[in-house]
Structure formats: structure tokens, C-alpha cells
Amino acid sequence: MLSLFSFSSMELDAGKLNIPYADKITHFIFYLVFSFSGCLSIRERTNGRFGMCRTIKIVLVLAIVYGIIIEILQYTITTDRMAEFGDVLANTLGAFAGIGLIRWVFSKKNPLKWKF
């Protein structure tokens with residue numbers, strides 16, 4: 001829930017390291033990891049009863065809905081955070097990238113054979 005935490009009272013010297021679109025890159029990476037680990041988690045929690053397509057659909061819906069809810073909450077309940085469509089887009093693209101990574105890791109062409 002750090003997405004709703006206010007960092008305005010903290011003294012952060014952001015001027016030393018200026019990375020363009022660092023916020024969007026962070027969103028992308030977080031949701032890539034979220035969707036990748038979400039697929040693995042669902043696989044483990046269900047003992048493999050869910051197929052790959054079902055797992056991917058569940059994780060994508062959860063990731064996208066969660067990202068939208070967090071942005072709405074930032075807009076409605078915080079005073080110094082703002083919702084951005086670019087964040088939702090970065091979240092969604094990151095989720096799809098994580099799903100692409102999970103499909104690549106467990107593809108038939110790679111040595112890691114974990115049947116979904």
C-alpha cells in the first residue's frame with residue numbers, strides 16, 4: 001500500500017539522479033514481477049489444477065484491476081498523490097510483459113518443462 005503513502009514530508013534528494021520516466025519504469029517492472037510471480041503462486045496454490053490460459057486470465061484481470069483501483073484511490077483519498085493514465089498504461093504493459101515472460105520460460109523450446 002505504499003502507493004497511497006505520502007512521501008512529501010520526507011527529504012528526498014531526487015535531483016542527484018535524474019532518470020526520465022523513472023516512475024513509469026518502476027510501475028512497469030513492479031507489474032511485470034507481480035504477474036510473473038502471480039502465475040507461479042496460483043500454480044502452486046492450486047497444485048497445478050488450473051491450466052496456463054486460466055492462470056494467465058486470472059492474473060491479468062487481478063493485476064489490471066488492482067492497478068486501476070490503486071490509481072482511483074490515489075485520486076480520491078490522498079492529497080499529494082495523483083492518478084495518471086500513464087501509470088495505468090505502464091501497469092498494464094508490465095502485466096502483459098510478465099505474462100509473456102512466464103509463457104517464454106515455460107514454453108516447449110526452453111529446458112524448463114513445467115506443465116501448466
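**Contacts along the chain.** I started with contacts (heavy atoms within 4.5 Å). Among those in the protein between residues at least 6 apart in sequence, 75% join residues at least 24 apart. Before going on, I noted that this is a predicted model, where local features need pLDDT of at least 70, side-chain atom pairs count only at pLDDT 80 or more, and totals for chains, interfaces and linings use all residues. Residues are numbered from 1 along each chain as its sequence is written, and side-chain values use heavy atoms, with hydrogens and water left out.

**Layout.** I looked up the secondary structure next and got three helices and zero strands, in the order α-α-α along the sequence. Helices (H or I, at least four residues) and strands (E, at least two) are DSSP runs, numbered from the N terminus.

**Burial and core.** Of the 116 residues in the protein, 30% are buried, meaning under 20% relative accessible area, with exposed over 50% and partly exposed in between (1.4 Å probe, protein chains only). Then I went for the largest nonpolar core, which has 14 residues. Such a core is a set of buried Ala, Val, Leu, Ile, Met, Phe, Trp, Tyr and Cys residues joined through side-chain atoms within 4.5 Å. Cys39, Ile56, Val59, Leu60 and Ile99 have the most contacts inside it. H1 (22–45), H2 (52–77) and H3 (85–105) each supply at least two core residues, and H2 gives the largest share, five. I clicked on Ile56 too: leaving aside neighbours within four places in sequence, Ile56 touches Cys39, Ile99 and Arg103.

**H2 against H3.** The angle came out at about 160 degrees, with the axes 9 Å apart. Axes are lines fitted to C-alpha atoms, for helices over the stretch in contact, and angles run from 0 to 180 degrees between N-to-C directions. H2 and H3 are therefore roughly antiparallel; the classes are under 35 degrees roughly parallel, over 145 roughly antiparallel, 65 to 115 roughly perpendicular and the rest oblique. H2 passes H3 in a right-handed crossing (near helix turned clockwise from the far one by less than a right angle; anticlockwise is left-handed). Among the contact residues I listed Ile56, Val59 and Gly67 of H2, and Asn91, Phe96 and Ile99 of H3. By class, this contact has 12 nonpolar, three polar and three charged residues. Ala, Val, Leu, Ile, Met, Phe, Trp, Tyr, Cys and Pro count as nonpolar, Asp, Glu, Lys and Arg as charged, and the others, Gly among them, as polar.

**H1 against H3.** Here I got about 40 degrees, with axes 7 Å apart, which makes H1 oblique to H3. The crossing of H1 and H3 is right-handed, and the contact residues divide into 14 nonpolar, six polar and three charged.
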